[in-house]
Amino acid sequence: MPAQPLDATPEQRAKAGEPPLQHDGQDQKPKQLPKGVVLGPDGKPCRSCTSVASWRAMIKEKSTQPKTVSTTQPPAIATTSLQPPKDCPPDVDELGRSTWTLLHSMTATYPEKPSFTQQSETRQFMSLFGKMYPCWVCADDFRAWMKEGNEPRVSNREEFGRWMCEAHNAVNVKLGKEAFDCNRWQERWRTGWKDGRCDQ
């Protein structure tokens, strides 16, 4: 089963002032947003919280609604690719992949014996990261996960790398993806696989 986009929980929707349903204005029957489309605190769809597929479903839905104003401008060219052009804002999937690459790479270069200052700064970074991450739904979930007894473990590289792997697995499980074997985090993110394929 492919990964499902992360939707805002009812609590997160309420926090953002997001109504649980939208009305189309004609028959006043509630109309839901396409699966995976998340509104930001401003009430507009959040690009960094929404996958390309969900975004396109929303746009397609809007384009099939009757229009009252005609235009001579030709419609946008349809594409079948689920990847946005490289010069477009990242969707939730691209943002997630890039972020995990950065975070795991940070654990791979973390000191084996970090100073008290390095440990304190790393905890502070992870706390701020959980507040500033562009996908607010993801950020809320990450902060909640850390508060559930999963505070950053930063006393050495192995501990921090394993903690980051556990954080990544918590997200993977929520998205219906397979969990990664955290005993192999260093091979994946620091040393390369034992079969040598990363050394070619």
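Buried means under 20% relative accessible area, exposed means over 50%, and partly exposed lies in between. Keep that scale at hand for the cysteines on this tour. The model you have open is predicted.

Select cysteine 198. Its relative accessibility is 47%, so cysteine 198 counts as partly exposed. Now jump to cysteine 49. Is cysteine 49 buried or exposed? At 2% relative accessibility, cysteine 49 counts as buried.

**Stop two: the disulfides**

How many disulfides does a search of the whole structure find? The search finds 2. Number the bonded cysteines in sequence order, and the pairing reads 1-2, 3-4.

Select cysteine 135 and cysteine 138. Their sulfur atoms sit 2.4 Å apart, and the two residues form a disulfide. Look along the S-S bond. The torsion there is about 70°, so this disulfide is right-handed. Cysteine 135 has a relative accessible area of 1% and is buried. Cysteine 138 is buried too, at 19%. That value falls under the 20% cut-off.

Next, select cysteine 165 and cysteine 182. A disulfide joins them, with an S to S distance of 2.1 Å. The torsion about the S-S bond of this pair is about -90°, so the disulfide is left-handed. Where do the two ends lie? Cysteine 165 is in helix H6, while cysteine 182 is in the loop between H6 and helix H7 (185–191). The pair therefore ties together parts that are 17 residues apart in sequence. Check both for burial. Cysteine 165 is buried, with a relative accessible area of 2%. Cysteine 182 is buried as well, at 11%.

**Stop three: helices H5 and H6**

Two packed helices are described by the angle between their axes and the distance between the axes. Select residues 136–147 for H5 and residues 157–174 for H6. The two axes come within 11 Å and cross at roughly 125°. H5 and H6 are therefore oblique to each other. Their crossing is right-handed.

Now show the side chains at the contact. Which residues make it?

- From H5: Asp141, Phe142, Trp145 and Met146.
- From H6: Trp163, Glu166, Ala167, Ala170 and Lys174.

Colour these residues by type. The contact of H5 with H6 has 6 nonpolar residues, no polar ones and 3 charged.

**Last view**

Keep H5 and H6 on screen and show cysteine 165 again. Cysteine 165 lies in H6, and H6 crosses H5 at roughly 125°.

Definitions and conventions:
Residues are numbered from 1 along each chain as its sequence is written. This is a predicted model: local features need pLDDT of at least 70, side-chain atom pairs count only at pLDDT 80 or more; totals for chains, interfaces and linings use all residues. Side-chain values use heavy atoms; hydrogens and water are left out. Axes are lines fitted to C-alpha atoms, for helices over the stretch in contact, and angles run from 0 to 180 degrees between N-to-C directions. Helices (H or I, at least four residues) and strands (E, at least two) are DSSP runs, numbered from the N terminus. Angles under 35 degrees count as roughly parallel, over 145 as roughly antiparallel, 65 to 115 as roughly perpendicular and the rest as oblique. A crossing is left-handed if the near helix is turned anticlockwise from the far one by less than a right angle, and right-handed if clockwise. Contact means heavy atoms within 4.5 Å. Ala, Val, Leu, Ile, Met, Phe, Trp, Tyr, Cys and Pro count as nonpolar, Asp, Glu, Lys and Arg as charged, and the others, Gly among them, as polar. A disulfide is a pair of cysteine sulfur atoms within 2.5 Å. Buried means under 20% relative accessible area, exposed over 50%, partly exposed in between (1.4 Å probe, protein chains only).
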